[in-house]
Amino acid sequence: MRVGGITQWLKVAGMAEAFNLPIVSHLIPEVHVHLIGAVPNGLTVEYMPWLGRLFQEVPTPKDGHLVMPTKPGLGLAFDRDAIKKFKA
């Protein structure tokens, strides 16, 4: 979220891996479930589904784990009605 995007996040994860450090996400579990699952040192996805209402479907917890979406890309589609509702 603050590192500059997915590519930069993967670079940081690679640097951490070089020093045998785990990676833990912060916020946006809808995106971070993919990133943590894509790196060998991914440890935990912080589950704070604050933005979940903006999407049609989001990763759901099952038995203490987030279920990885199988749709292309991040597997996310905006819920247009929710976006209109929360528009500022």
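The chain, a predicted model, runs α-β-α-β-β-β-α from the N terminus. That comes to three helices and four strands. Its C-alpha atoms fill a box of roughly 45 × 30 × 25 Å along the principal axes.

Q: Why is P40 called exposed?
A: Exposed means over 50% relative accessible area. P40 has 68% relative accessibility, so P40 counts as exposed. P40 is found in the loop between helix 2 and strand 2. P40 and E17 are 23 residues apart in sequence, yet 7.7 Å apart in space, C-alpha to C-alpha.

Q: What makes the approach of the S25 side chain to the backbone nitrogen of E46 a polar contact?
A: The limit for the N or O pair is 3.5 Å. The side chain of S25 reaches the backbone nitrogen of E46 at 2.9 Å, so the distance falls within that limit. Leaving aside neighbours within four places in sequence, S25 is also in contact with H32, I36, T44 and V45, among others.

Q: What makes helix 2 mostly covered?
A: Eight of the ten residues in helix 2 are buried. They are P29, E30, V31, H32, V33, H34, L35 and I36. These buried residues pack against helix 1 (6-18), strand 1 (23-24), strand 2 (42-44) and strand 4 (65-66). For the chain, buried residues make up 24% of the 88 residues.

Q: What does E30 have around it?
A: E30 lies in helix 2 (residues 29-38). Beyond four places in sequence, E30 touches P49, L51, G52, F55, V58, P59, L74 and L76. A polar atom of the E30 side chain lies 3.4 Å from the backbone nitrogen of G52.

Q: How do you know that K71 and E57 form a salt bridge?
A: Side chains of opposite charge can pair when their charged atoms come close. The closest N and O atoms of K71 and E57 are 3.2 Å apart. The cut-off is 4 Å, so the pair forms a salt bridge. K71 lies in the loop between strand 4 and helix 3 (80-86), and E57 in the loop between strand 2 and strand 3 (61-62), so the pair ties together parts 14 residues apart in sequence. By this rule the count comes to one salt bridge.

Q: Why are K71 and E57 called partly exposed?
A: Partly exposed is the range between the buried cut-off of 20% and the exposed cut-off of 50%. K71 has 43% relative accessibility, so K71 counts as partly exposed. E57 has a relative accessible area of 49%, so E57 is partly exposed as well.

Q: How many charged side chains does the chain have?
A: There are 9 positive and 7 negative side chains in the chain. The centres of the two sets lie 9 Å apart.

Conventions:
Residues numbered from 1 in each chain as written. Predicted model: local features only at pLDDT ≥ 70, side-chain atom pairs only at ≥ 80, totals over all residues. Heavy atoms only, no water. Helix = DSSP H or I, 4+ residues; strand = E, 2+ residues; numbered from the N terminus. Buried < 20%, exposed > 50% of the residue type's maximum accessible area, 1.4 Å probe, protein only. Lys, Arg positive; Asp, Glu negative; His and termini not counted. Charge placed at Lys NZ, Arg CZ, Asp CG, Glu CD. Polar contact = N/O pair within 3.5 Å; in protein donor to acceptor, adjacent residues only side chain to side chain. Contact = heavy atoms within 4.5 Å. Salt bridge = Lys/Arg side-chain N within 4 Å of Asp/Glu carboxyl O.
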